[in-house]
Amino acid sequence: MGVVEVLVHATDEISAAGVEAMLRGHEKLRLVPEDPERPPDVLVVVVDGAVGTSAFARLRRFRAGGTGPRAVLVAERFRAEDLLPVVECGASALLTRRELKEGTLATAITAVSRGAALMPYRLQGVLLDQISQLRSQVLAPAGLTLSGIETRERDVLQLIAEGYQTDEIADRLTYSEGTVKNVLYGMMARLRLNSRSHAVAYAMRAGVI
């Protein structure tokens, strides 16, 4: 693994200077200035108090277009109602200020750059409960799943995975063959999948079928 480029953003200059001092000198981390043409590998956002709208706005700006650097978010505390928005904004690690030590922060940045996600144990259960409520109260009534696959798309893919042909799927689901094709190809276009086997593989990786 190469050197990880890190951009630090804080709500005050003292916090920014302190975090940069913690990271400066690590041979696998390199502090970089903000450059719209070259985003960092990891964004570290440090806020005073609880997470607020300014932190969300900062994270969303770097996630414009659906891509962007992974983020480590440091705050005095995290409220339950902030967890889903924080994850939606692309934060891969949450640290409280009292956990903000040189080794801890550097380790979190390195782990996040490799694709890991870090969150205090006490918050993990809260987030899982919120995701479960989102699925049962919002997504399921609308025929959606967390993976972005609609329930009828899931049903079609399940039968494709079991080896059924289009006419057999239509018969089992009481759809027309045209509807089955439209459901399948609409999903493939939306998720940029290039074949039926690719669509099935995607659904299996997502845990939908």
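Guide: This is a predicted model. Confidence in the chain is lowest in helix α5 (residues 121-139), at a mean of 68, and highest in helix α7 (residues 166-173), at 93. The mean pLDDT of the chain is 81, with 86% of its residues at 70 or more.

Visitor: Why is α7 called roughly perpendicular to α8?

Guide: The two helices pack at an angle of about 105°, and their axes are 8 Å apart. Angles of 65 to 115 degrees count as roughly perpendicular, so α7 is roughly perpendicular to α8.

Visitor: What makes the contact of α7 with α8?

Guide: From α7 come T166, D167, I169 and A170, and from α8 come E177, V180 and K181. By class, that contact has three nonpolar, one polar and three charged residues.

Visitor: Why are α8 and α9 described as roughly perpendicular to each other?

Guide: The axes of α8 (residues 177-191) and α9 (residues 196-205) cross at roughly 70° and come within 11 Å. The range for roughly perpendicular is 65 to 115 degrees, and α8 and α9 are therefore described in that way.

Visitor: Which residues of α8 and α9 meet?

Guide: L184, Y185, M187, M188 and L191 in α8 meet R196, A199 and Y202 in α9. The classes in this contact are seven nonpolar, no polar and one charged.

Visitor: What volume does the second largest pocket have, and which lining residues are the closest to its centre?

Guide: Its volume is about 160 Å³. Twelve residues line the second largest pocket, and D35, P36, P39, R61 and F62 are the closest to its centre. The lining has seven nonpolar, one polar and four charged residues.

Technical notes:
Residues are numbered from 1 along each chain as its sequence is written. This is a predicted model: local features need pLDDT of at least 70, side-chain atom pairs count only at pLDDT 80 or more; totals for chains, interfaces and linings use all residues. Side-chain values use heavy atoms; hydrogens and water are left out. Axes are lines fitted to C-alpha atoms, for helices over the stretch in contact, and angles run from 0 to 180 degrees between N-to-C directions. Helices (H or I, at least four residues) and strands (E, at least two) are DSSP runs, numbered from the N terminus. Angles under 35 degrees count as roughly parallel, over 145 as roughly antiparallel, 65 to 115 as roughly perpendicular and the rest as oblique. Contact means heavy atoms within 4.5 Å. Ala, Val, Leu, Ile, Met, Phe, Trp, Tyr, Cys and Pro count as nonpolar, Asp, Glu, Lys and Arg as charged, and the others, Gly among them, as polar. On a 1 Å grid over the protein atoms alone, a cavity is a set of points where a 1.4 Å probe fits but cannot get out, and a pocket is an open set with protein on both sides within 12 Å along at least five of seven lines; lining residues have an atom within 4 Å of a point. Grid points are joined across faces, edges and corners, and a volume is the space filled by probe spheres set on the points. pLDDT is the predictor's confidence in each residue, from 0 to 100.
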